[in-house]
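Let's walk through this structure together, one part at a time. Keep the picture open as you read.

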Amino acid sequence: MSQEKSLEGADEMLFSMIVPIYNAEAYLRRCLNSLIREDLLDQYEILLVDDGSTDHSAEICKEYVDKYSNVRYFHKENGGCSSARNDALSRAQGKYLAFVDADDYITPEFFSCMLEAVRLDCDFYVYDSVLKRNSMSQEELVSVPMPYGRISDLNTLYEWLTTLTQNEVWAKIYRSSIVKERNLKFDEKTRVAEELDFLIGFVSSVETACAVNQNWYIHEFRKDGLAGQAKISYLSDFDTAYQKLCVFCDDRQLPAKCKEHIRRTFLENSFRIVSSHVREAREDHSYLESDLFQELLARQYQGFRANLERICLKHNWFLAMTVIDRVRVLYQRYTKRTWE
């Protein structure tokens, strides 16, 4: 058997691929087909965790369990993607871990990367990925924002985490012993940036890492997916994530530019959510009390005021007057200045 097909002397499960699933019947077969490499079935496992699906996802999963010896299926009550990933982490047997969302898929290059990762024996691998938008009509390469190759200075890895680029859990390979020793978990209480605790904990624990100029992960951005929905309730999760990253910067004594970039990114995302919320003329304005919104007022109040007035006046005069009045009060409260 060639070296590409097997790793000689391997006496343990090399890889665990974790797939959380919830009502994914429209995309699931594409995903699972991409995960199968029949000449390597004895060297990796595929863990399918069904998070209480109500469609035909369970039936599809069981078809693959019956057909392929390395596919394992587990059903649980609905608890969210993080809960499903945590369930799989407790069951994973592989030396390394990779995560795949059920509506995404991988290319055959993954398996070469998998075997190469085992041979190089680093703790952590970060790869380029491909983002597809608008029903796959637009394709964008998302490159790793650091030099390719073995990372000799771990500060480079720490600063990468603060760029908020490629900070999703997929398109990466993780040494599973670090996850188990540190008891790393995904935050089941948040709806956005739920990977942050896991990534911060893992990155803080690695001794060797590598950035790889290969893209085997295809992420499809869908407006009906979680990533495509801008909910005002996410602002509190943004606040939490922002604070966690700031603590990480302080603990690692990273340059001030890292924290500034984090602040700017979270402010921009908060502004987009607030703008969407106001544009749809929703009635709940509790977001005006969030820490990030207060920061936005202090730093970008002029641009925000102009956009808010334009959006509100176009869609709802009463809402415009209500929201602008509350924004004015908040601005004066937190900046001690008069909004003229």
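**Two helices side by side**

In helix α1, Leu28, Arg29, Leu32 and Asn33 meet Ser57, Ile60, Cys61, Glu63 and Tyr64 of helix α2, where contact means heavy atoms within 4.5 Å. The residues of this contact divide into five nonpolar, two polar and two charged; Ala, Val, Leu, Ile, Met, Phe, Trp, Tyr, Cys and Pro count as nonpolar, Asp, Glu, Lys and Arg as charged, and the others, Gly among them, as polar. The model is predicted: local features need pLDDT of at least 70, and side-chain atom pairs count only at pLDDT 80 or more, while totals for chains, interfaces and linings use all residues. Residues are numbered from 1 along each chain as its sequence is written, and side-chain values use heavy atoms, leaving out hydrogens and water.

**A covered helix**

Now find helix α3 (residues 81-89), a DSSP run of H or I with at least four residues. Eight of its nine residues are buried, meaning under 20% relative accessible area with a 1.4 Å probe, protein chains only. The buried residues of α3 pack against several elements, including β1 (15-21) and α7 (196-203); strands are DSSP runs of E with at least two residues.

**Rings in pairs**

How many aromatic pairs are there? The count comes to 22, with rings of Phe, Tyr and Trp (its six-membered ring) pairing if their centres lie within 6.5 Å; planes under 30 degrees apart are stacked, over 60 edge-to-face and the rest tilted. Phe124 and Trp160 form a tilted pair, 6.1 Å centre to centre with 55° between the planes. Phe124 lies in strand β6 and Trp160 in helix α5, so the pair ties together parts 36 residues apart in sequence.

Technical notes
Buried < 20%, exposed > 50% of the residue type's maximum accessible area, 1.4 Å probe, protein only.
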